[in-house]
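Me: Hi, could you walk me through this structure? I'd like to go over a few spots with you.

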Amino acid sequence: MPGADSVLVSALCARLGDCRVVDLGQPYRPGMEQSAAATPFQQHLVRRHGDVVRPDGGSSATDLLISGTHVGTHIDAFAHYSHDGRLHGGTDAVTAQAAGFPDHDVRSIPPIVGRGVLLDVPAALGLAACPAAYEITPADLDATVQVQGTEPRPGDVLLVRSGWPLIAATSGRGVEGVPGVGEAGAYWLAGQQPRAVGADTGGFERLPPSPDVRTALPAHRIFLYEHGINIMENVQLEELAAGGHHEFVIIVAPMPLEGATGGPVRPLALLPGGLTG
């Protein structure tokens, strides 16, 4: 007779076989859009087919990747943001930095498997996308929850759609500002006690026209420093939005990079099979 674990695994695999997987990760390629503060993504083919040919005719190719840890779809570790010289929990940032951020690096983020909720703000407001530099307010988020009928629960992963990818294609990539939550909207999200939050922009929060490195980042302070909530950026939300999928299972597996302030992720949304969008 099969054991209880075997029965549960078989049932889970059968259910997963009926699921549709939506990839929420951004493709990586040289020249991809990214923050000016991040090291550009580079990919070099350093060993080519034919460079070495084995006696049996086999050959292999290998790449060298160079990239900042906050490029493309990525997750922010608590080491990413300090306030008044302190990291989340009150740890001295300089001391932790010298030690390689042993308790605040991206390796410290456990894999995430749970309920994901898409908060499609522009759809709830009757827009294709939020305008450049638009601040998403608590009233906007309340309206989105009411229109969608998806009440956030503690432990959820809350993904805020602004429609920014639709804007960025024609707006000069942030010269006019980037839509996102402001301080009040960030406190609204944090008040839902999510496991993590994410957005379809490279900065998560609302950025003014032509921001520089001194621009205040209240949402980063609220999530990473005050509440210990990880942030994901550049999450691809258009496919979920197009299908009206506001609730799903989400899987996020951060890379175990010791000492890193963030790292690439490929979030996956699982939907019941047979759904189209």
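Me: Let's start here: which strand is Val46 in?
Reply: Val46 sits in strand S2, residues 42-47; strands (E, at least two residues) and helices (H or I, at least four) are DSSP runs, numbered from the N terminus. One caution: this is a predicted model, where local features need pLDDT of at least 70, side-chain atom pairs count only at pLDDT 80 or more, and totals for chains, interfaces and linings use all residues. Residues are numbered from 1 along each chain as its sequence is written, and side-chain values use heavy atoms, with hydrogens and water left out.

Me: Thanks! What about cavities, how many of 30 Å³ or more are there?
Reply: The count is one cavity of 30 Å³ or more. A cavity is a set of points on a 1 Å grid over the protein atoms alone where a 1.4 Å probe fits but cannot get out, and lining residues have an atom within 4 Å of a point. Volume is the space filled by probe spheres set on the points, which are joined across faces, edges and corners.

Me: And which residues line the largest cavity?
Reply: Among them are Ile136, Val160, Asp200 and Phe204. By class, that lining has six nonpolar, three polar and one charged residues. Here Ala, Val, Leu, Ile, Met, Phe, Trp, Tyr, Cys and Pro count as nonpolar, Asp, Glu, Lys and Arg as charged, and the others, Gly among them, as polar.

Me: Switching to pockets, what volume does the second largest pocket have?
Reply: About 190 Å³. A pocket is an open set of points with protein on both sides within 12 Å along at least five of seven lines.

Me: Which elements give two or more residues to its lining?
Reply: Helix H1 (4-17), strand S11 (247-252) and strand S13 (268-272) do. The lining includes Leu12, Phe248 and Leu270, and its residues divide into eight nonpolar, one polar and two charged.

Me: New topic: is Asn234 buried or exposed?
Reply: Asn234 is buried, with a relative accessible area of 14%; buried means under 20%, exposed over 50%, and partly exposed in between (1.4 Å probe, protein chains only). Asn234 also has a positive phi of about 60° although it is not a glycine. Most residues other than glycine have a negative phi.

Me: And Asp84, what is its phi near?
Reply: Phi of Asp84 is near 50°. Asp84 is exposed, at 70% relative accessible area, in the loop between strand S4 (74-76) and H2.
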